[in-house]
Amino acid sequence: MEKVILVGVETQENFKTFDESMTELGNLAETAQGEVIGELIQKRQVIDRRTILGKGKLQELASLIQSKEADTVIFNHELTARQARLIEEEVQVKVIDRVQLILDIFAMRAKSKEGQLQVELAQLNYLLPRLVGQGTALSRLGGGIGTRGPGETKLETDRRHIRHKVTIIKRELKETSEHRERSRQKRKDSSVFQIGLIGYTNAGKSTILNLLTNTKTYAEDQLFATLDPLTKKWQLPDGLETTLTDTVGFIQDLPTQLIEAFQSTLEESRSVDLLLHVVDVTSENRNQQEKTVLELLDTLEMNHIPVLTVYNKADQLLDTSQFVPTIYPNCLISAFEDSGKNILTEAILKRLKEIFVPFEIHLEANEAYLLNQMPKEVLIESYEYLEEENSYQVKGYCQKHSKWLQRAID
């Protein structure tokens with residue numbers, strides 16, 4: 001394990017989220033298989049434009065590194081190539097920033113070909129503006145945290161080579177994106193209701209997917225355990241067929257390079273009919289995490305999609321009656337308890353009735369076979385046989401573009 005020292009500067013701009021951000025940086029470092037052995041914090045009006053830290057604090061950092069025998073320094077700020085170089089010259093160990101650290105974790109986690117391409121694209125986009133001059137080698141960092149890539153490939157840092165590689169990756173990702181789009185369109189055409197899981201990283205999205213669909217997706221108490229989107233079928237108790245899609249977790253200051261690279265993955269969530277916003281109720285920074293996710297939904301132009309907030313990990317609360325939600329509509333569950341599935345299913349059904357349109361249609365006696373088909377596509381409230389008319393009266397809720405609603409209008 002690399003011995004890591006964390007560095008952050010608290011300013012007027014970031015003081016509200018600074019403590020949480022530093023805690024998160026420590027968790028990220030441990031996820032990247034680093035051992036946090038020290039932390040250095042400076043309070044300033046603004047960061048130093050040359051070296052982030054002031055001159056005296058930089059010398060203090062150099063002494064701390066020497067006394068602790070640290071291998072790596074991770075700054076909680078995005079560094080320019082010049083800043084990183086000046087700091088490295090002063091402290092004589094590897095210096096990386098928060099963005100590099102997150103990219104590194106993504107490189108470790110990406111399993112699918114598409115995921116690996118997306119991470120590599122994000123790394124190249126990060127690297128390109130930071131090339132000091134032709135021939136600058138990525139290996140100057142010496143390996144370890146911040147230098148991993150898909151397949152541990154060493155990249156030539158020639159600008160022309162990188163731009164060429166970016167073009168190739170984008171072409172490959174476009175082909176994958178088009179394949180995804182065809183799959184999504186197929187689901188839309190089949191009238192299947194699509195649900196997407198979103199939320200802060202490690203809130204329990206994959207565990208909830210497993211809970212509802214009885215599958216065994218990788219779900220661990222780790223940051224960014226899920227990178228590659230996964231879609232599973234789920235049938236509600238009344239028969240309505242849906243799909244559930246689990247995607248990458250959000251985080252404060254999610255690097256723009258990642259948002260750009262993961263566009264095709266995020267498209268999976270962008271096209272759903274309902275979002276389940278999973279929130280960890282045990283987090284000390286719950287409000288900030290909720291705010292981060294909602295802001296990212298705005299950035300990703302997903303704020304028009306209906307949302308149900310799922311407050312998860314209720315089993316870790318001392319008294320659930322004292323819990324006060326901040327976002328509505330919502331439900332409080334534990335994905336590890338049997339009751340969690342029932343509570344969440346009921347909350348989803350209630351939310352669907354708010355999203356769907358009420359309808360009433362009459363089926364002739366010779367159309368009775370449709371009563372077996374309808375529950376897969378709509379929510380049926382009631383149906384009864386009208387003896388005088390020799391027909392069935394069906395009431396329920398359906399999507400706005402449903403053929404059943406059109407039939408009811410006709």
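These questions and answers concern salt bridges in the predicted model above. Local features need pLDDT of at least 70 and side-chain atom pairs count only at pLDDT 80 or more, while totals for chains, interfaces and linings use all residues. Residues are numbered from 1 along each chain as its sequence is written, and side-chain values use heavy atoms, with hydrogens and water left out.

Visitor: How many salt bridges does the count come to?
Guide: A salt bridge is taken here as a side-chain nitrogen of Lys or Arg within 4 Å of a carboxyl oxygen of Asp or Glu. By this rule, the count of salt bridges is 10.

Visitor: Which residue forms a salt bridge with lysine 94?
Guide: Lysine 94 belongs to strand E4 (residues 94-97) and its partner to strand E1 (residues 2-10), so the pair ties together parts that are 92 residues apart in sequence; strands are DSSP runs of at least two residues, and helices (H or I) of at least four, numbered from the N terminus. Both residues are buried, that is, under 20% relative accessible area with a 1.4 Å probe and protein chains only, where exposed is over 50% and partly exposed in between. With the closest N and O atoms 3.0 Å apart, the partner is glutamate 2.

Visitor: Which helix holds both lysine 57 and glutamate 60?
Guide: The side chains of these two residues, lysine 57 and glutamate 60, meet in a salt bridge at 3.4 Å, N to O. Lysine 57 and glutamate 60 are 3 residues apart, about one turn of the helix, and both lie within residues 55-68, helix H2.
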